[in-house]
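This report describes a structure through its core, its helices and its surface. The sequence and the model come first.

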Amino acid sequence: MADERQRQLMQEALDQALSPELLEKLRQQLDDDAQGSQQFNRLKKVDDMLRAAPHERAPARLALGI
């Protein structure tokens with residue numbers, strides 16, 4: 001199971017904010033960790049769906065109602 005540091009690296013990988021060295025280190029860790037690999041794959045699917053979702057601006061009156 002992924003520890004906190006590994007989860008952080010997963011998030012940074014999805015944000016494309018990892019150096020090539022750290023990305024390779026994460027990939028090696030996930031090759032040896034089936035649960036961590038499954039978790040990363042689930043996060044990747046969610047990330048892909050969110051990136052593909054249409055973006056709409058909220059109505060200006062929404063801020064007034066919050």
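Is Leu26 buried or exposed? With a relative accessibility of 1%, Leu26 counts as buried (under 20% relative accessible area; exposed is over 50%, and partly exposed lies in between; 1.4 Å probe, protein chains only).

The model is predicted, and local features need pLDDT of at least 70, side-chain atom pairs count only at pLDDT 80 or more, and totals for chains, interfaces and linings use all residues. Residues are numbered from 1 along each chain as its sequence is written, and side-chain values use heavy atoms, with hydrogens and water left out.

**Core**

Leu26 is part of helix α2; helices here are DSSP runs (H or I, at least four residues), numbered from the N terminus. Leaving aside residues up to four places away in sequence, Leu26 is in contact (heavy atoms within 4.5 Å) with Gln6, Leu9, Met10, Ala13 and Leu18. Glu56 is 30 residues from Leu26 in sequence, and the two C-alpha atoms are 34 Å apart in space.

Leu26 also belongs to the largest nonpolar core, whose 8 residues are Leu9, Met10, Ala13, Leu14, Leu18, Leu26, Leu30 and Phe40. Such a core is a set of buried Ala, Val, Leu, Ile, Met, Phe, Trp, Tyr and Cys residues joined through side-chain atoms within 4.5 Å. Two or more residues of this core come from each of α1 and α2, and α1 gives the most, with 4 residues. Phe40 touches Met10, Ala13, Leu14 and Leu30, again not counting residues up to four places away in sequence.

**Helix α1**

Helix α1 spans residues 4-14, and its buried residues are Gln6, Leu9, Met10, Ala13 and Leu14. These residues lie on the same side of α1 because they cover an arc of only 135° around the axis, taken from the directions from the helix axis to the C-beta atoms. Their cover includes α2 (20-31) and α3 (34-52). After α1 comes Gln16, which has a positive phi, near 55°.

**Salt bridges**

How many salt bridges does a search of the whole structure find? There are 3 salt bridges, each defined as a side-chain nitrogen of Lys or Arg within 4 Å of a carboxyl oxygen of Asp or Glu.

| Pair | N to O distance |
|---|---|
| Glu4 and Arg7 | 3.1 Å |
| Lys44 and Asp48 | 3.0 Å |
| Asp47 and Arg51 | 2.7 Å |

Glu4 and Arg7 are both in α1, 3 residues apart, about one turn of the helix. An α-helix has 3.6 residues a turn, so residues three or four places apart point the same way.

The accessibility of the partners is as follows. Glu4 is exposed at 54% relative accessibility, whereas Arg7 is partly exposed at 30%. Lys44 is partly exposed at 35%, and Asp48 is partly exposed at 37%.

**Surface patch**

Val46, Met49 and Leu50 make a nonpolar surface patch of about 320 Å². Patch residues have over 30% relative accessible area and no salt bridge, with like charges joined within 9 Å and nonpolar side chains (Val, Leu, Ile, Met, Phe, Trp, Tyr) within 5 Å; areas come from the Shrake-Rupley method with a 1.4 Å probe, and for residues only the protein chains shown count as cover. Met49 lies in helix α3 and counts as exposed at 56% relative accessibility.
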